Amino acid sequence: MMLTNDLLISRGEVLQQLEGYLKDNIYTFLKKVEDSWQPADYLPDSRRDTFFDEVKELREKAGSLSYDLLAVLIGDTITEEALPNYEAWFHELDDLNRDRNNGWAQWIRGWTAEENRHGDLLNRYLYLSGRVNMREFEFSTQHLINDGFDLGTAHDPYRAFVYTSYQEMATNVSHRRVGQLARQAGDDGLSKICGMIAGDENRHARAYKTFVEKIFELDPSEMMLAFEDMMRKKIVMPAHYMRELGIDMGKTFGHFTDAAQRIGVYTSADYTDILDTLISDWKIEHITDLTGPAEKARDYVMALPARLRRVSDRMTVPKLEYKFKWIS
């Protein structure tokens, strides 16, 4: 159903129309539990006699990771470990029915269950690596959950789905690049771990991008306005309040992103590349039946990548190295 400018539809009605589609296709976007990988698949098994030898090998390979790469891996792990915030945020969104059998409720639970494995796996790897002050790491994780976040989505599912489309693509890039650098450093085990997590993030990104695509079909003007609003605010990472013990909220996140830029894990160019991909995948240029304000919103979004690239071209890679409390 395509809406004309004279026909208004609430967000709740749109999500209700999509709920059946989601329920029918849930395992296009998620994997059944019995078909899913588990953290134990990629780590030494403590039941085996070879456990200590396997841990020794893991520690030797982890010793080859550069300081910046280890810092980025720790920051990525803290981000994943703040999962309770992300699930709670979903439940706060307007118009997402919380009925246990509702398709949206099933999605939230299934997405959370898959994401939960990421922090578990990375946390155990860091613990076994012997290179991380786990108590400082755990302080940062607790701080991040305690401090919460402000993603700029209010309680609007349209804005939330723009955010999650962007964020899942960004985490896919980050985990995939960390895996590539780990392989170059000789840590094939960590490379496999990051590859599996990146695969999940890519699948979740496809889901959220599909949700937005379907909403554009049903409510194009409101979806376009939500897209523009999120891009004007700029997509912030969910760990933007990250901090270490005794450090002001958000300061550690800045050092973390500096390290990520220095080694090319996630850069300002990646941010713009993701926007380009969303504009292309959602066929923004070809969407019809937009209101006047929505047409202006489209113009803004279409012109934004070129503006961002001009800014990015003038940016320099941060040189200042910071000593994180996480790393012994």
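Biologist: Which residues lie nearest the centre of the largest pocket?
Modeller: Keep in mind that this is a predicted model. The largest pocket holds about 660 Å³ of space, and 33 residues line it. Helix 4, helix 8, helix 11, helix 12 and helix 13 each give two or more residues to that lining. Nearest the centre you'll find Met237, Phe253, Thr257, Tyr266 and Tyr271.

Biologist: And the second largest pocket, how many charged residues are in its lining?
Modeller: That one has about 510 Å³ of space, with Tyr42, Leu43, Pro44, Glu54 and Leu58 closest to its centre. Helix 3, helix 6 and helix 9 each supply at least two lining residues. Split by class, the lining has ten nonpolar residues and one polar, and the charged count is ten.

Biologist: Arg117 and Asp200 meet in a salt bridge; how many residues apart in sequence are the parts that the pair ties together?
Modeller: The N to O distance is 2.2 Å. Arg117 counts as buried because its relative accessibility is 6%, and Asp200 does too, at 3%. Arg117 sits in helix 6 and Asp200 in helix 9, so the parts they tie together are separated in sequence by 83 residues.

Biologist: Is Glu57, which pairs with Lys61, buried or partly exposed?
Modeller: Glu57 and Lys61 form a salt bridge, with the closest N and O atoms 3.4 Å apart. Both lie in helix 3, four residues apart, or about one turn. Buried would need under 20% relative accessible area. Glu57 has 41% relative accessibility, so it counts as partly exposed.

Definitions and conventions
Residues are numbered from 1 along each chain as its sequence is written. This is a predicted model: local features need pLDDT of at least 70, side-chain atom pairs count only at pLDDT 80 or more; totals for chains, interfaces and linings use all residues. Side-chain values use heavy atoms; hydrogens and water are left out. On a 1 Å grid over the protein atoms alone, a cavity is a set of points where a 1.4 Å probe fits but cannot get out, and a pocket is an open set with protein on both sides within 12 Å along at least five of seven lines; lining residues have an atom within 4 Å of a point. Grid points are joined across faces, edges and corners, and a volume is the space filled by probe spheres set on the points. Ala, Val, Leu, Ile, Met, Phe, Trp, Tyr, Cys and Pro count as nonpolar, Asp, Glu, Lys and Arg as charged, and the others, Gly among them, as polar. A salt bridge is a side-chain nitrogen of Lys or Arg within 4 Å of a carboxyl oxygen of Asp or Glu. Buried means under 20% relative accessible area, exposed over 50%, partly exposed in between (1.4 Å probe, protein chains only).
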